Each structure stands twice: as C-alpha cells, then as structure tokens.
Amino acid sequence: MPRQQWVIGNWKMNPVTAKAAAELASDLSQSASKLNCSVAAVPSAAHLAAAGNSLSEGPVLLGAQNLCALEVASGAHTGEISAEQLKDLGVSLVLVGHSERRANQGEAGDVLSQKIQRALESGLRPVLCVGEDLATRESGNHLEQVAADLVRVLTPLLDQDWSTLILAYEPIWAIGTGRSANPEDAEQMHQHLRAVLLGLKAEAQHTPILYGGSVKPSNAAAYAACANIDGALVGGASLIADDFMDIARAFS
Ligand code: PEP
C-alpha cells in the first residue's frame, strides 16, 4: 500500500494580523480542492481560530505548532494550550520537536515523547521533527545522530498506536537558509530513518517521512521523485499561497 503523501505549511510566527492569516487560509482552501495528497496549514496559536474558520469548509487541515506536554485538559498552566483545547479549535495535527523550539525553548528528549503521547491519546496527529546541525553533517555523523534522537523520543512510546504519526526530517542548516539538502542526501537519510522506525515497530512502514528545509516550487518535484520522501514540511514558501500549492501539486 503506498504511503499517504503530506504537504504541511509551517507559518511560524507569521503573519502579524489575524485578518492576513484568515486571507492566506482562504486562498489555500480555494486552490487545494483537486489535490491528491493531504495538505495542512499550521498557523501560530494566535491565528488558529481565524485561519481555522477560513479552512473549515475546505480540504486543507488545520495544524498547531505546539501543545502542552502535561496530561491535563485545563488548569493552572499559564501560556500552555492543551491537546483538548486544540481539538476544540478544529486542529488535527501538531508539530513536535521543531528545531526552532529545540533551540529557543530547550525542548528535547522526554518532553517530546510526552507531547507525542498527548497527541496520540487525544486524536491529534503528531508531526515529529528531527534533523542534524551543520557541524554534525560536516562530521559525517548525521545518520547516527538523527537516528539516535529518533530512537530516544519514540522508545517510551512503543506501546502506543503509531498509525497517525508523521515524521519530518529537517536538517537544521537547511531551514530558512535557502540551502536545501540535495535530494540524494535527503533520500539516504529517509531510507535510514525508515529502517530505524521499522526496527522499533512494524506498523511504522506506513509512517510518512516528510522532508523539510528550503523546499520551494523549483525543487519540490526532485524530492517528490524520491521513493522514501513522502511529502514536505514547508516554512517560508508556505506563506505564499501559489508557491505552497505548486509544492503540493508536486506531491499530488
Ligand atoms: C520549517 O520551518 O520547518 C522549514 C522547513 O522552513 P523553510 O521551508 O523556510 O526552510
């Protein structure tokens, strides 16, 4: 059975206004109807309601950039958003372990496992992001290092149902830099991560593995042609509806 292809737009802390987020979501919603892949937009928490409203009638799913790791639906946790609150907003997937949160919020290890567990238990699709920094890539140790991170985060979750899990390989040196991984190198990492996933759990044969890092309309088809690249996690180019849709069409 072929794996589902996914194209997910991570809007990060963009745009500034809810009105602009609603307009971008509306543009996506109108142009995504004929695509043969799953498409999601991941606005900032401030714009989940506005963007979600624009997406509610269309095929584009709503994602969130973060969720609370604690096993509570509500309570005294300033600044947090629970999985249940995200569900109530119509969110269906959530990013976990994006390199910007690892670098700026110090997220790693156990907290990532807990967030994935919260997502799996509450019916949100977790999108686990992994990837090496430039020094690791240049040392030649990238396959081992990324695999070790993956094993560390997923091993506590072996008794969970992984059928909704998505993995995104995002080399840190390629995120927002315009310097994308060449498709052969990305494919090599994806093959390796597929083998590591399968070593953990047989059902991981269905887990989509997306590539992220300066994906744009001009390079999307080359990634889409790789046997083990099942879609894209897109940052900058997801803020331009036409560019994002061109990328989605490459995987459709
Ligand atoms: C990202 O932030 O996940 C990302 C891949 O960004 P960009 O496409 O801008 O490199």
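A polar contact is taken here as a pair of N or O atoms within 3.5 Å; within protein, one atom must be able to donate a hydrogen and the other to accept it, and residues adjacent in sequence count only if both atoms are side-chain atoms. The structure is a predicted model, in which local features need pLDDT of at least 70 and side-chain atom pairs count only at pLDDT 80 or more, while totals for chains, interfaces and linings use all residues. Residues are numbered from 1 along each chain as its sequence is written, and side-chain values use heavy atoms, with hydrogens and water left out.

A backbone N or O atom of Ser214 lies 2.7 Å from an oxygen atom of the ligand. Of the 290 Å² of accessible area that the ligand has on its own, the protein covers 96% (Shrake-Rupley method, 1.4 Å probe). The ligand is surrounded by 14 residues, the closest being Lys12, Glu170, Gly176, Ser214 and Gly235 (a heavy atom within 4 Å of the ligand). This shell consists of 4 nonpolar, 8 polar and 2 charged residues, where Ala, Val, Leu, Ile, Met, Phe, Trp, Tyr, Cys and Pro count as nonpolar, Asp, Glu, Lys and Arg as charged, and the others, Gly among them, as polar.

The ligand takes the space of the second largest pocket (an open set of points on a 1 Å grid over the protein atoms alone, where a 1.4 Å probe fits, with protein on both sides within 12 Å along at least five of seven lines; lining residues have an atom within 4 Å of a point).

The largest pocket has a volume of about 450 Å³ and a lining of 22 residues, with Lys12, Ser44, Gln65, Asn66 and Arg101 nearest its centre. Helix H4 (residues 99–105) gives the most to this lining, with 4 residues.

The peptide bond from Asn14 to Pro15 is cis, with omega near -15°.

Notes
A molecule sits in a cavity or pocket if more than half of its atoms lie within 2 Å of its grid points. Grid points are joined across faces, edges and corners, and a volume is the space filled by probe spheres set on the points. Helices (H or I, at least four residues) and strands (E, at least two) are DSSP runs, numbered from the N terminus.
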